[in-house]
Amino acid sequence: KETTNKNRNNNQIKQGHNPRLSTIQQTADYGIYTNNKEEEYLYEQCQQKKSLFKVYHVPDEQRSSCQGCHLLFNAVGRRKHHCRSCGDVFCLSCSSQKCQLPESDSTNNNQARVCNICYPDIIISSSKTANNNTNHPPFRRYLPTFQLFHDESNTTLNYEDVISALASFTTDLHSMLSYYTSSDATIGIPSAEILVPAIGRLLSLDPPNDGERRVADTGDLSSPPTQQLHLDMLAHSVYALATLLALGS
C-alpha cells in the first residue's frame with residue numbers, strides 16, 4: 001500500500017500536481033494563514049507580484065567581505081566584483097566564471113561575470129532549457145534582498161522589493177514542487193543555514209510606526225500604508241518558509 005501511494009504521488013507530481021502542497025499549514029503563532037483558501041490566495045498574490053522582482057545590485061559599501069570566501073576586501077589584493085546573476089559582491093577568485101545569463105537574449109552571446117555559486121546552476125538551467133524542461137535561475141539571486149532589507153546602511157530597498165522577491169522565490173519553489181521529484185531536483189538552493197535565517201529575520205523586524213515611510217519608499221499616497229506592507233511581507237515570508245519546508249519533506 002505504501003508503494004502504491006508513493007507511485008501515485010510521483011505520477012501526480014509529473015502531471016503538475018504535488019499533494020504535498022495541500023499540507024502546507026501555518027500555525028496560529030503569526031496568525032497569517034491557516035487553511036487552503038488562504039494558501040491559494042497567497043499563491044495567486046505570488047503569481048501577480050513575481051514579475052515585479054528585480055535582482056538587487058548590492059552597492060559596494062554594503063559588503064565589507066566577499067560573500068563566497070568571507071575574507072575582507074582591501075584596495076590591493078582583494079577587490080570587489082559583482083556577480084551579474086545574483087547581484088552580490090565577491091572577490092576575483094570567487095567570481096572567476098563567465099557565461100550567458102538565462103534571462104538574456106539567446107541571440108546575444110555576451111558573457112557576464114558570475115560568482116562561483118551561481119555558475120553551476122546557470123549551466124544546469126541552460127541545459128534543461130535546451131532539453132525543453134522546466135528551468136530555474138539560481139535561487140541565490142533572492143538572498144541579497146532578504147539579507148539587506150532594513151539594514152542600517154541600506155536605504156535603497158523598500159517593502160515592495162522584498163514582497164516581490166518573496167513572491168518570485170515562492171513561485172520558483174512551487175514550480176520545483178510541481179515538476180520535479182526529489183531525485184529530479186538538480187537546481188541548487190542555498191543551504192538552509194543561510195536561506196532560512198535570511199527569510200526568518202524578516203519576521204523579526206519591528207513594524208513601522210503608523211504613517212512612517214522608509215527613505216526608499218515612493219511617497220505615493222495611493223500606495224498601501226507601510227504597516228499594511230509590513231503585514232504583507234510577514235505573510236509572504238511565512239508562506240515562503242512553509243513552501244521551502246514542503247520541498248524538503
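Predicted model: local features only at pLDDT ≥ 70, side-chain atom pairs only at ≥ 80, totals over all residues.
Guide: A residue counts as exposed when its relative accessible area is over 50%.

Visitor: What makes histidine 70 count as exposed?

Guide: Its relative accessibility is 54%, and the cut-off is over 50%, so histidine 70 counts as exposed. You will find histidine 70 in the loop between α2 and β1 (81–82). Its phi is near 65°, which is a positive value in a residue other than glycine.

Visitor: Which elements does the chain have, from the N terminus on?

Guide: They run α-α-β-β-β-β-α-α-α-α-α, and the secondary structure comes to 7 helices and 4 strands. Of the 249 residues, 43% count as buried.

Visitor: How do you know that the length of helix α2 agrees with its number of residues?

Guide: Helix α2 (residues 36–49) has 14 residues, and at 1.5 Å a residue they should span 20 Å. The end C-alpha atoms of α2 are 20 Å apart, so the two values agree.

Visitor: What puts the buried residues of α2 on the same side?

Guide: The buried residues are Glu39, Leu42, Gln45, Cys46 and Lys49. They cover an arc of only 120° around the axis, and therefore lie on the same side of α2. An α-helix has 3.6 residues a turn, so residues three or four places apart point the same way. On the face of α2 turned away from the buried side are the exposed residues Lys37 and Gln48.

Visitor: Why are cysteine 86 and cysteine 118 called buried?

Guide: Buried means under 20% relative accessible area. Cysteine 86 has 0%, so it is buried. Cysteine 118 also has 0%, so it is buried too.

Visitor: Which residues of the largest nonpolar core touch the most other members?

Guide: Of its 46 residues, these are Phe146, Phe149, Leu166, Phe169, Ile199, Leu202 and Met233. The elements that give two or more residues to this core include α3 (118–130), α6 (192–204) and α7 (226–248). The most come from α5, with 8 residues. Apart from this core lies another, of 5 residues, among them Leu42, Cys46, Ala235 and Tyr239.

Visitor: What is leucine 166 in contact with, leaving aside its neighbours within four places in sequence?

Guide: Leucine 166 is in contact with Phe146, Ile199, Leu202, Met233, His236, Ser237 and Ala240. Across the chain, 63% of the contacts between residues at least 6 apart in sequence join residues at least 24 apart.

Methods:
Residues numbered from 1 in each chain as written. Heavy atoms only, no water. Core = buried A, V, L, I, M, F, W, Y, C linked by side-chain atoms within 4.5 Å. Buried < 20%, exposed > 50% of the residue type's maximum accessible area, 1.4 Å probe, protein only. Contact = heavy atoms within 4.5 Å. Expected span 1.5 Å × (residues − 1). Arc of directions from axis to C-beta.
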